[in-house]
Amino acid sequence: MKAKQVFDKLIENWQVKAICFVISLFLYVIYQNQSVDKKVFSVPLSVESKNGFVSIQPHPRTVAVSARGKAEELAQVRESDLKAYIDLTYVSKDGSYDFPVLLTLSDSASVLNPLELKVTPESVRLRVEEEITSYVDVIPLISGKPAYGYSIKSVSVSPEQIPITGPKTMIENCKSLQTLNVTSSNAKRSFTSKTKVEKKGFFIKHDDIDVSVTVEIEELSGSKKFTKLPVKVVNLSPNLEIREISSDVTVTLSGSLVSLDSFKPDEKFVTADASSITAPGTFYLALSYSVPKRFTLADGYTKNIPITFNLKKTEEAAPVTHSEPIEEKITVVEGEAGELDEKVEEERKE
């Protein structure tokens with residue numbers, strides 16, 4: 001068949017042939033669109049490095065990955081089958097660079113027919129720096145106040161230092177890390193608490209270890225003044241009775257504030273020994289204090305007081321007559337505690 005005859009055959013009824021071609025192309029496109037589906041995933045973005053360099057600025061936490069493929073196969077793909085990352089392996093010095101966002105598929109997704117994948121954004125600009133490790137001090141963070149009468153004597157932490165890793169400039173500027181809060185509210189005794197070390201931003205990293213914070217609690221010391229204390233007279237002669245006794249007895253005790261607040265002197269706390277008194281009159285008697293061992297007696301306490309004694313009146317006692325009035329005697333009974341009151345001495349001389 002000659003070429004002209006072939007050409008004539010091809011162009012014969014060409015209008016019909018053209019319409020059939022357009023219709024078949026249209027049907028093919030419709031079929032393709034119906035058999036191909038699209039799905040968008042939000043995939044976490046990570047930064048990987050194997051050469052000792054790290055990023056020193058934030059990067060997007062996630063990227064959008066759109067996948068196109070057959071609907072029945074695309075339905076089998078999960079977000080966990082996709083991994084998006086930035087690779088710093090080929091960086092050789094500090095600086096800012098545009099890094100492409102790389103994608104990998106899990107083994108289960110990679111066996112499917114080829115998928116059309118597109119990531120947004122396609123690249124991320126990061127500033128990178130050399131990564132170093134250094135040891136820093138651990139500082140315990142204590143809050144709250146111990147119970148009344150107690151205070152914090154000392155605070156210690158173990159271990160005292162931990163290693164941290166991160167960008168060189170950040171690590172060089174980080175001198176210490178605090179622990180998480182440890183409360184001493186209403187504490188009355190020493191204690192040890194386990195806690196964690198604070199996270200110092202996203203770029204400085206350290207092991208998530210427990211540290212021990214020991215808080216030593218001690219009792220506060222102080223003093224308390226007691227006034228108008230009752231005096232118990234001991235060894236008093238059965239022939240005598242007390243006519244008048246001073247109530248001006250003051251003492252100051254030193255010791256634990258808590259113990260002092262709860263201490264109440266009993267009737268035997270202050271005593272005066274009258275064993276040497278055999279006759280009526282006014283005498284200065286030395287005072288003795290029964291101080292508990294947990295307290296000490298501060299200076300300035302009352303050392304002696306005047307006590308006036310009378311003879312007891314009994315029915316069997318014979319009446320005593322005197323030709324002259326009896327002068328009341330004021331006598332000082334010597335003791336470790338004091339001297340005669342000047343005013344009483346003057347009255348006696350008069």
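Mentor: Let us begin with a term: a salt bridge is a side-chain nitrogen of Lys or Arg within 4 Å of a carboxyl oxygen of Asp or Glu. The model is predicted, so local features need a pLDDT of at least 70 and side-chain atom pairs count only at pLDDT 80 or more, while totals for chains, interfaces and linings use all residues. Residues are numbered from 1 along each chain as its sequence is written, and side-chain values use heavy atoms, with hydrogens and water left out.

Trainee: How many salt bridges does that rule give?

Mentor: The count comes to five. One of them joins the side chains of Glu 48 and Lys 83, with N to O at 2.7 Å.

Trainee: Which strands hold Glu 48 and Lys 83?

Mentor: Glu 48 is in strand S1 and Lys 83 is in strand S4 (residues 82-87), so the pair ties together parts that are 35 residues apart in sequence. Strands (E, at least two residues) and helices (H or I, at least four) are DSSP runs, numbered from the N terminus.

Trainee: Which residue does Arg 125 pair with?

Mentor: Arg 125 forms a salt bridge with Asp 98, and the closest N and O atoms are 3.2 Å apart. This pair links distant parts of the chain, 27 residues apart: Arg 125 belongs to strand S8 (residues 123-139) and Asp 98 to strand S5 (residues 95-100). Arg 125 is partly exposed, with a relative accessible area of 49%.

Trainee: And what about Lys 153?

Mentor: Lys 153 has a salt bridge with Glu 216, where the closest N and O atoms lie 3.8 Å apart. Lys 153 sits in strand S10 (residues 150-158) and Glu 216 in strand S15, 63 residues apart, so to this extent the pair links distant parts of the chain. Lys 153 is exposed at 52% relative accessible area, whereas Glu 216 is partly exposed at 32%.

Trainee: Which residues are joined into one network?

Mentor: Lys 196, Asp 208 and Asp 210 are, through salt bridges that share partners.

Trainee: Back to Lys 153. Which residues does Glu 218 touch?

Mentor: Glu 218 is in contact (heavy atoms within 4.5 Å) with Gly 149, Tyr 150, Ser 151 and Lys 153, leaving aside residues up to four places away in sequence. Glu 218 lies in strand S15, which spans residues 211-219.

Trainee: How exposed is Glu 218, and how far is Pro 146 from Glu 218?

Mentor: Glu 218 is partly exposed, with a relative accessible area of 32%. Pro 146 and Glu 218 are 72 residues apart in sequence and 9.5 Å apart in space, C-alpha to C-alpha.

Trainee: New topic. Which residues of the largest nonpolar core touch the most other members?

Mentor: They are Val 249, Leu 253, Phe 269, Val 270, Leu 285 and Leu 287, out of 23 residues in that core. The elements giving two or more residues to this core are strands S19 (251-256), S20 (270-273), S21 (281-289) and S23 (304-311). S21 supplies the largest share, four residues. A second, separate core of 20 residues includes Val 63, Val 91, Val 101 and Val 124. A nonpolar core is a set of buried Ala, Val, Leu, Ile, Met, Phe, Trp, Tyr and Cys residues joined through side-chain atoms within 4.5 Å.

Trainee: Where is Thr 250?

Mentor: Thr 250 is in the loop between strand S18 (240-245) and S19. Thr 250 is buried, with a relative accessible area of 15%.

Trainee: What does Thr 250 touch?

Mentor: Not counting residues up to four places away in sequence, Thr 250 touches Lys 225, Phe 226, Thr 227, Tyr 289, Gly 300, Tyr 301 and Thr 302.

Trainee: Finally, how many helices and strands are in the protein chain?

Mentor: The protein chain has seven helices and 24 strands. Of its 350 residues, 30% count as buried. Among contacts in the protein chain with a separation of 6 or more, 73% are between residues 24 or more positions apart.

Methods: Buried means under 20% relative accessible area, exposed over 50%, partly exposed in between (1.4 Å probe, protein chains only).
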